[in-house]
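My entries follow in the order in which I made them.

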Amino acid sequence: MMEEAKQMDAAADADWAISLNGLQGPDQLGRVWIAQPLAVGDDRLVFSGHVANAGNGVAVTIRHGSDVLASCIAAPGFVVDVPARKGVFHVCMTVRQEQGRDVICRWEVADQERQRLSLTGMVKRGGPSPDIPATGAQTLLGRMGQLFLSHDTNDSVAQFTRPGALGDVSVRSWTDLFSRFPGWKSDFGLHRISLLVAPAKEEILRDYYPFPRASGTMFDDFLKRFKDEPVIMPRWELWNARTLSFAETDTHWTDFGAMVAAQTVLKRWELPIDGMPQAFTVKQKIGDLGLKLHPPSSNFELCFNEKMSDRLVFDNGIHNHGCVRIYRNPVAPIGGKLLIFGDSFGTNLAEAMSYAFREVVYTYQPAGVDPELVAMLAPTHMLLQITQRFIHGAPATNHSIFEQGRSKLARMGEAERTKTLAHLAATPEAFRSLAAPLLQSH
């Protein structure tokens, strides 16, 4: 039935997008055609359509929000005019009755002019915050209050809305990375090595995004080129619980979303998922996009029940590039050691993986392997993680985590550097080898 419903979508250049909304398909109605609303003057819209299997007539209601604007009968066609309004209309038809109640099929008729918002219109609430620069990444308002990233250095909006292909440098870099997998697996004694791509929020919440997705995007090109490589992209797994997997005010997946991604990796690696959390805590948070608003905007999301600081046995005190953290969970079902080279999505991904592995090492270097660190840690499993919008670049293969850390220390203010060095100097003996390279030049 859903294949038939696709015939009801509006043409690409139409003023209104028409699509089936909700779980109920056309059912006994057969094929249903809904025409583009026709403007009559400045204040009226005419809706019309045709129901293949109308029988004695099908009740049709035109709604806008909670308002019922008009009702008529499709027998088999219908024509009805309503007040012109911006936004979303719903064409509702009664499919059948169950237990004395009508089962309603709804078609959403969305004003594309409204949906394709101008990117010059950053979300504003009481004016910009004095702590947020006027330039740089901004917040884009989607439907139902969802916030998305725009004006970022990766041009994530264009990546999502325009066809494209990877550049030659990027293709060579990714090809080189995948060619090294067999050697790394053999040289380091790895049981498994894979690349995990964290989907962009708009990839999972497409119908909340104010712009339509293009076909043949740069990311589609990546997946096509490297379809035979060990690439894990949990798009559909996250889609199945999408409003729980991404927070309204953040670009990143929630702890629940990180758990879904972790389970996807474990299943691909044919490892047990028995230890993964079954219960979560609901917490109010201000996401990285919510922070860009004034006043800041928050949301409620699913968070891990456990106190992750109890599992964190080492943290070198470096934020982002150069960061190394180690989590230990003695009751986890998998006795091996997982090493993650990831980005900001990898932060709670590592925490999620600590439910499965007794030791998880997270280091901030998106999909960039540092062989020196691998040899030092001797992991049994290695996961390279990167966010969808970073795919167009080149992974930082062979870059030194310790060099990144030393560079960060050199750029710190005196007070922050003194504090970080004192923290590193107090590192327990078991982790001194990870702290020593940062202390050598100071």
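In which helix is the place of Thr-264? I found Thr-264 in helix α9 (residues 255-268), helices being DSSP runs of H or I of at least four residues, numbered from the N terminus.

Before going on I noted that this is a predicted model, in which local features need pLDDT of at least 70 and side-chain atom pairs count only at pLDDT 80 or more, while totals for chains, interfaces and linings use all residues. Residues are numbered from 1 along each chain as its sequence is written, and side-chain values use heavy atoms, with hydrogens and water left out.

Is Thr-264 buried or exposed? I recorded Thr-264 as buried because its relative accessibility is 8%, where buried means under 20% relative accessible area and exposed over 50%, with partly exposed in between (1.4 Å probe, protein chains only). A polar atom of the Thr-264 side chain lies 2.8 Å from the backbone oxygen of Val-260. Neighbours within four places in sequence aside, I listed Ile-232, Pro-234 and Glu-237 in contact with Thr-264 (heavy atoms within 4.5 Å).

I turned next to helix α14 (residues 432-439) and its contact with helix α12 (residues 401-411). In α12, Phe-402, Gly-405, Arg-406 and Leu-409 meet Leu-434, Pro-437 and Leu-438 in α14.

Lastly I looked at helix α13 (residues 414-425), which packs against α14 with the axes 9 Å apart. Here Leu-421, Leu-424 and Ala-425 in α13 meet Arg-432, Ala-435, Leu-438 and Leu-439 in α14.

Notes: Helix = DSSP H or I, 4+ residues; strand = E, 2+ residues; numbered from the N terminus. Polar contact = N/O pair within 3.5 Å; in protein donor to acceptor, adjacent residues only side chain to side chain. Axes fitted to C-alpha atoms, helices over the stretch in contact; angles between N-to-C directions.
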